[in-house]
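This report walks through a single protein model, topic by topic. Please keep the sequence and the structure in view while reading.

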Amino acid sequence: RCRLPRGWGVTNAFVCIYVTFLFVFKFLGPTQKMNLFQSVTSALDNTLASDPTAVIFGEDVAFGGVFRCTVGLRDKYGKDRVFNTPLCEQGIVGFGIGAAVAGATAIAEIQFADYIFPAFDQIVNEAAKYRYRSGNLFDCGNLTIRAPWGCVGHGSLYHSQSPEAFFVHCPGIKIVVPRGPVQAKGLLLSCIADKNPCIFFEPKILYRAAVEQVPVESYTIPLSQAEILQEGSDVTLIAWGTQIHVMSEVASMAQEKLGVSCEVIDLRTILPWDIETVCKSVVKTGRLLISHEAPVTGGFAAEISTTVQEECFLNLEAPISRVCGYDTPFPHIFEPFYIPDKWKCFDAIKKMIHF
């Protein structure tokens, strides 16, 4: 991230970008243009190359997966390390738990996040509690579960859900959602290295949305640390995954049309989340807008709202606002009306400012 002082021209902007590129190249090595699914592939490739115990498994992963995230890995590392499983999510996660307990680095893919529910018992009753139930004698911390997540424009009720809130009620697991290629690789490698079971939700609509210069070699991004993408003074905007791009656009609209300065925060890790960064921002701005695609009732925005209300009550200048999905199954042709778009978020900002 590079901040430009007021008055800097285009030339100085290019100088700043160039210096940033040199910094990344020096400390993280050479980079390549990658979109999000390619950065995931790169992370998996790095892991298989450096960790002989690492295995990747799931429905169709040997052929590259539905979204091509594992393409070429079976040919490179062999069918014993990258292999297909039966169409049984409970079995996939159960096998991953056993492999992790035995000492392997287990990376399981659930073909769509919508189909993670048959594995719910294995995740919340076994993986999350394995360390606790044994008094830390045993654990399955080497388990990482990947799953395409969120709306895609035409996924309807079985291919567009965002189920992160179902899992945040369960201590013992970590939940992470990236917003782009650089974040995806660094956060995924952090999940794989973390000594707790992790669920890594990948925004499927972003798989091919844009490219970034991503380091070829391994690197990590700390978990449980939110990132302030844009500093502001009037309203705090919080989101994760796909929705962070909506919030960034809303922040520009608010500045241009209302003269409102917005601070944009990418939560990145949903559990355990970065309370300190969020509360410091709200103390400064006095207003908070949270947005996610999942239904509003019981969504993670509710947990953030409650925590901020408890910690920052005397600093609030307006009620906390949530712009989320509706309490209905995800529609098909009406998906554009269901998702929390920039106009809904912009209206929420106007109400807070004029409260």
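## Terms and basis

Residues count as buried under 20% relative accessible area, as exposed over 50% and as partly exposed in between, with a 1.4 Å probe and protein chains only. This is a predicted model, in which local features need pLDDT of at least 70 and side-chain atom pairs count only at pLDDT 80 or more, while totals for chains, interfaces and linings use all residues. Residues are numbered from 1 along each chain as its sequence is written, and side-chain values use heavy atoms, with hydrogens and water left out.

Helices (H or I, at least four residues) and strands (E, at least two) are DSSP runs, numbered from the N terminus.

## Annotated domain

An unreviewed UniProt entry carries the annotation "domain: Transketolase-like pyrimidine-binding" for residues 34-209. UniProt positions are given in the numbering used here, feature names are shortened, and annotations may be inferred rather than shown by experiment.

## Nonpolar cores

A nonpolar core is a set of buried Ala, Val, Leu, Ile, Met, Phe, Trp, Tyr and Cys residues joined through side-chain atoms within 4.5 Å. The largest one has 51 residues, and the members that touch the most others are I123, F167, F201, W240, L267 and I304. Apart from this core lies another, of 32 residues, with L44, V61, V82 and C191 among them.

F167 has a relative accessible area of 0% and is buried. Contact means heavy atoms within 4.5 Å. Leaving aside neighbours within four places in sequence, the contacts of F167 include I116, F120, I123 and V124, as well as I173, I175, I199, F201 and L271.

## Aromatic pairs

Rings of Phe, Tyr and Trp (its six-membered ring) pair if their centres lie within 6.5 Å; planes under 30 degrees apart count as stacked, over 60 as edge-to-face and the rest as tilted. By this rule there are 14 aromatic pairs. One of them joins F67 and Y207, with ring centres 4.9 Å apart and planes at 35°, so the pair is tilted. F67 lies in the loop between β2 (54-58) and α3 (73-77), and Y207 in the loop between β7 (198-203) and β8 (212-215), so the pair ties together parts 140 residues apart in sequence. F67 is buried at 15% relative accessible area, and Y207 is buried at 1%. F67 and Y207 also belong to an aromatic cluster with F112 and Y115.

F167 and F201 make another tilted pair, with centres 6.5 Å apart and planes at 45°. This pair links distant parts of the chain, since F167 is in helix α7 (residues 164-167) and F201 in strand β7, 34 residues apart.

## Salt bridges

Side chains of opposite charge can pair when their charged atoms come close. A salt bridge is a side-chain nitrogen of Lys or Arg within 4 Å of a carboxyl oxygen of Asp or Glu, and the structure holds 13 of them. K76 and D45 meet in one, at 3.0 Å from N to O. K76 lies in helix α3 and D45 in helix α2 (residues 36-50), so the pair ties together parts 31 residues apart in sequence.

R179, E227, D266 and R268 are linked in a network of salt bridges.

## Helix α10

Within helix α10, E276 and K280 are four residues apart, which is about one helical turn, and they form a salt bridge whose closest N and O atoms are 3.2 Å apart. E276 is exposed at 53% relative accessible area, and K280 is exposed at 56%.

The buried residues of α10 are T277, V278, C279, S281, V282 and T285. Their cover includes β9 (227-230), β10 (235-239), β11, β13 (288-295) and α11 (300-312).

## Backbone features

Most residues other than glycine have a negative phi, and most peptide bonds are trans. R68, in the loop between β2 and α3, has a positive phi near 70°. R268 lies in the loop between β11 (262-266) and β12, and its phi is positive too, near 65°. A cis peptide bond joins L271 and P272, with omega about -10°. P272 is found in the loop between β12 (269-271) and α10 (275-285).
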